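Subject: Structure for you to look at

Hello,

Here is the structure I said I would pass on. My notes on it follow below.

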Amino acid sequence: MTETILKNGRVWLDGHIQTCDLLIENAKIKAIGQNLTSPTAKVIDVSNQLVAPGLVDLHVHLRDPGQTAKETIKTGSLAAAHGGFTTIGAMPNVTPVPDTAEQIATLVARNANEGVVHIKQYAPITKQRRAGALTDFAAMKTAGAFAVSNDGSGVQDAGSMFQALKEAQANDLPLAAHVEEDKLLFGGVMNAGAPAKRLGLPGIINAAETSQLARDLELAQQTGAHYHMCHVSTAESVRLIRQAKAAGIKVTCEVTPHHLLLSDDMIKGDDANFKMNPPLRSEQDRQALVAGLLDGTINCIATDHAPHTAAEKQQGFLKSPFGIVGSETAFSLLYTHFVKENIFSLNQLLNWLSTKPAQIFGLKNTGYLGLGTVADIAVFDLNTATTIETDTFLSKGHNSPFIGQSVFGTTTLTLVAGKVAYQKGGTTK
Ligand SMILES: NC(=O)N[C@@H](CC(=O)O)C(=O)O
Ligand SMILES: [Zn+2]
Ligand SMILES: [Zn+2]
């Protein structure tokens with residue numbers, strides 16, 4: 001038996017912060033209270049630190065197999081633990097595309113063996129993530145997939161999306177949609193607007209996202225499936241989802257930290273660390289995303305952690321791949337810029353990063369703290385400013401526009417099922 005006592009933390013319990021100790025026995029929280037003792041427990045002093053449920057990130061790219069120079073299951077999960085995440089959803093845009101039950105079963109086993117956090121696996125919607133045949137959703141679910149997604153590209157034809165939503169509904173699997181109409185891209189690499197014109201770069205219009213979203217919401221209504229929109233980026237998408245929810249359509253969605261924090265007018269030069277899909281939109285769009293979270297239209301925050309190599313990202317806006325890393329900076333950036341600025345409460349932020357994502361995807365035993373729950377726990381230092389530096393990153397990807405920023409809320413400890421997955425200044429396995 002192993003026992004740990006987290007002493008004197010500011011613990012987020014049932015929506016309130018209270019100062020108390022947690023006694024963890026093996027994988028579970030055995031006691032919550034004042035002055036807990038046990039002769040055999042390892043005691044970790046977390047005085048004045050925030051003790052939260054391990055965060056849940058529904059959207060990460062682990063690049064394994066196929067692109068392990070960018071990331072691996074091990075490094076991607078270490079990065080998640082460093083950010084306080086204890087459960088992540090891994091996208092299936094890896095090489096080869098895991099579109100058979102056997103491949104999904106292999107990935108699920110590898111995730112469990114090589115990951116330091118809980119890793120839920122997405123199965124692709126279509127074979128090779130290309131137009132054409134669907135994967136076998138029932139077999140994917142049996143093999144361990146928790147949802148389906150073609151993330152990285154939109155499903156271009158309505159017929160495939162309609163069939164996919166019917167299958168998703170029949171198999172009780174959420175369908176997470178990367179919503180992007182290829183025919184409306186016109187070679188764009190950043191948001192269409194004044195900043196793109198200034199930089200002389202081709203733009204991506206909002207309708208590349210929202211026209212396909214409008215189609216999908218109609219199909220979701222027809223089929224009754226759980227449709228989850230990945231990385232919402234435009235004001236029009238927020239409006240469409242708000243209307244769809246009011247009409248009783250089973251739709252949920254996520255927004256990324258970077259779309260909440262940045263807009264296209266902050267792109268000052270040809271720096272591909274600002275290049276991601278969907279692109280950073282206008283300041284008005286950014287504000288609509290914040291408003292959408294606050295009024296419940298947007299359900300949760302997910303990072304879309306998308307590591308690439310330095311060599312790839314050095315190619316500039318036109319040539320480099322889309323995507324930025326996010327696991328290791330999400331909580332501290334959001335805490336610093338939204339909670340400390342009184343735009344979000346700490347309670348709201350923790351909900352959007354833990355309880356809500358677990359709830360909407362029906363993930364059991366995660367996303368909240370309580371007596372008897374699995375000890376997936378993140379501890380954050382809210383009082384000390386630190387600088388975001390790639391030296392501290394455990395991800396192989398350093399492609400972040402936030403390097404050099406000063407933030408509060410760095411992770412000091414992450415426990416996954418009672419075991420240390422990350423400890424500041426300590427060993428990381
Ligand atoms: N977000 C990105 O810009 N890139 C993602 C794909 C995706 O999330 O669409 C990637 O896999 O690199
Ligand atoms: Zn995507
Ligand atoms: Zn993605």
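Helices (H or I, at least four residues) and strands (E, at least two) are DSSP runs, numbered from the N terminus. This is a predicted model, in which local features need pLDDT of at least 70, side-chain atom pairs count only at pLDDT 80 or more, and totals for chains, interfaces and linings use all residues. Residues are numbered from 1 along each chain as its sequence is written, while chains are lettered from A and ligands numbered from 1 in the order in which they are written.

Helix H4

Just after H4, aspartate 172 has a positive phi of about 55°.

Buried here means that 20 or more other C-beta atoms lie within 10 Å of a residue's own, with C-beta atoms placed from the backbone; 12 or fewer is exposed, and in between is partly exposed. In H4 the buried residues are Met161, Ala164, Leu165, Glu167 and Ala168. They line one face of the helix, because they fall within an arc of 165° seen down its axis (the arc of the directions from the helix axis to the C-beta atoms). Their packing partners are helices H3 (137-142) and H6 (207-223), and strands E9 (147-149), E10 (175-177) and E13 (227-229).

Domains

The domain assignment, automatic or from a database, gives domain 1 (3-51 + 373-423) and domain 2 (55-360). Their centres, taken over C-alpha atoms, are 26 Å apart. Contact means C-beta atoms, placed from the backbone, within 7 Å; 26 residues of domain 1 contact 36 residues of domain 2. On the domain 1 side, strands E16 (377-381), E19 (410-416) and E20 (419-423) each supply at least two residues, and E19 gives the most, with 4.

Annotated positions

An unreviewed UniProt entry lists a "binding site" that includes Leu62 and Asn93; such annotations may be inferred rather than shown by experiment. Where are these two?

- Leucine 62 is in the loop between strand E6 (55-60) and helix H1 (73-82). It is buried, with 31 other C-beta atoms within 10 Å. Leaving out residues up to four places away in sequence, leucine 62 touches Glu71, Thr72, Ile73, Gly76 and Ala90.
- Asparagine 93 is in the loop between strand E7 (85-90) and helix H2 (101-114). Asparagine 93 counts as buried because it has 21 C-beta neighbours inside 10 Å. With the sequence limit of four places applied, its contacts are His61, Arg129, Asp151 and Gly152.

Regards

Technical notes
Two residues are in contact if their C-beta atoms, placed from the backbone, lie within 7 Å.
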